[in-house]
Amino acid sequence: MEEDPTTKMKLSPMLLLALKPVALLTLTVCITIFTIFISSPSSPSPSPSQSQSTTLNSKSMASGSFILWLHGLGDSGPANEPIKNLFTSPQFTNTRWSFPSAPSQPVTCNHGAVMPSWFDIPEIPITANSPVDETSLLKAVQNVHSMIDKELAAGIDPKNVFLCGFSQGGALTLASVLLYPRTLGGGAVFSGWVPFNSTGSITDQITPDAKRTPILWSHGIADRTVLFEAGQAGPPFLQQAGVNCEFKV
């Protein structure tokens with residue numbers, strides 16, 4: 001999770017706590033991922049223009065599924081791997097998880113400090129109107145798409161591919177799902193934000209198939225790093241783009 005610049009001079013213990021919000025993350029995951037993967041959809045052939053539930057079909061997971069988890073700023077993939085141990089139901093028997101780590105690079109909001117980061121973040125806390133470095137974001141999206149393509153080439157059905165991300169990883173999850181040309185199983189955004197400066201130009205790039213990928217978004221009202229207003233901006237943006245999103249507080 002991202003660092004608040006006001007704590008910059010007291011880096012070690014407070015940043016460590018911020019980077020590993022285990023209790024909050026575990027609670028969020030238990031409530032939202034479990035819902036998104038276990039529940040059944042209300043329509044067998046959903047259209048983005050129709051009103052429908054964004055919960056995902058657990059039957060599709062029985063034949064083998066792939067879950068890609070994207071961590072937050074300053075964290076790592078291996079540190080998040082215990083999340084998969086929370087899911088022991090039969091629906092996850094044939095599920096393969098992947099927890100990649102972001103590359104280490106300078107981060108503007110942390111005064112250029114080098115740390116694991118999917119893309120650059122100009123400022124923190126993140127609001128609904130915070131600027132975005134779209135160049136580095138789109139580079140990260142390409143890397144995520146390469147991971148997805150590798151799974152599809154290995155025989156995974158795209159509708160059995162699920163992206164989940166926390167904080168910065170949640171923003172990247174959203175961008176990756178929207179800009180992927182095919183319909184995926186779903187995307188889960190935890191305490192993320194809309195990572196685009198110009199939403200109009202981005203919505204033009206979302207294919208009809210991508211609009212059919214259901215998205216579930218969960219955000220805490222007391223989040224002081226990615227403010228709740230940043231999360232609230234997500235559903236209206238997605239609705240305007242013709243994408244279904246279920247928002248949970």
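**A buried histidine and a parallel sheet**

Let me begin with His145, which lies in helix α4, spanning residues 134-153. Please bear in mind throughout that this is a predicted model.

Is His145 buried or exposed? Its relative accessibility is 12%, and because the cut-off for burial is under 20%, His145 counts as buried. Which residues does His145 touch, once its neighbours within four places in sequence are set aside? The contacts are with Ser176, Leu179 and Tyr180. For Leu179, the C-alpha atom is 8.8 Å from that of His145, although the two residues are 34 positions apart along the chain.

I turn now to the sheet. Six strands form an open sheet in the order β2-β1-β5-β6-β7-β8, and their pairing is parallel. The edge positions belong to β2 (95-98) and β8 (245-248); each has a single partner strand, so one side of each is left without a neighbour in the sheet. From one strand to the next, the twist averages 15°.

Next, consider the pairing of β1 with β5. Strand β1, residues 65-70, and strand β5, residues 161-166, run parallel and are linked by five bridges. Within this pairing, Phe66 has Val161 of β5 as its bridge partner. Packed on the sheet is helix α5, residues 168-179, which touches β1, β5, β6 (186-190) and β7 (215-218). The direction of helix α5 makes about 150° with that of β5.

Finally, how many of the six residues of β1 are buried? Six of the six are buried, so β1 is largely enclosed by the rest of the structure. In a regular strand, side chains alternate between the two faces of the sheet. In β1, Ser65, Ile67 and Trp69 point one way, whereas Phe66, Leu68 and Leu70 point the other way, and all are buried.

That concludes my presentation; I welcome your comments.

Note on methods. Residues are numbered from 1 along each chain as its sequence is written. This is a predicted model: local features need pLDDT of at least 70, side-chain atom pairs count only at pLDDT 80 or more; totals for chains, interfaces and linings use all residues. Side-chain values use heavy atoms; hydrogens and water are left out. Helices (H or I, at least four residues) and strands (E, at least two) are DSSP runs, numbered from the N terminus. Buried means under 20% relative accessible area, exposed over 50%, partly exposed in between (1.4 Å probe, protein chains only). Contact means heavy atoms within 4.5 Å. Two strands pair if DSSP finds at least two bridges between them. Axes are lines fitted to C-alpha atoms, for helices over the stretch in contact, and angles run from 0 to 180 degrees between N-to-C directions.
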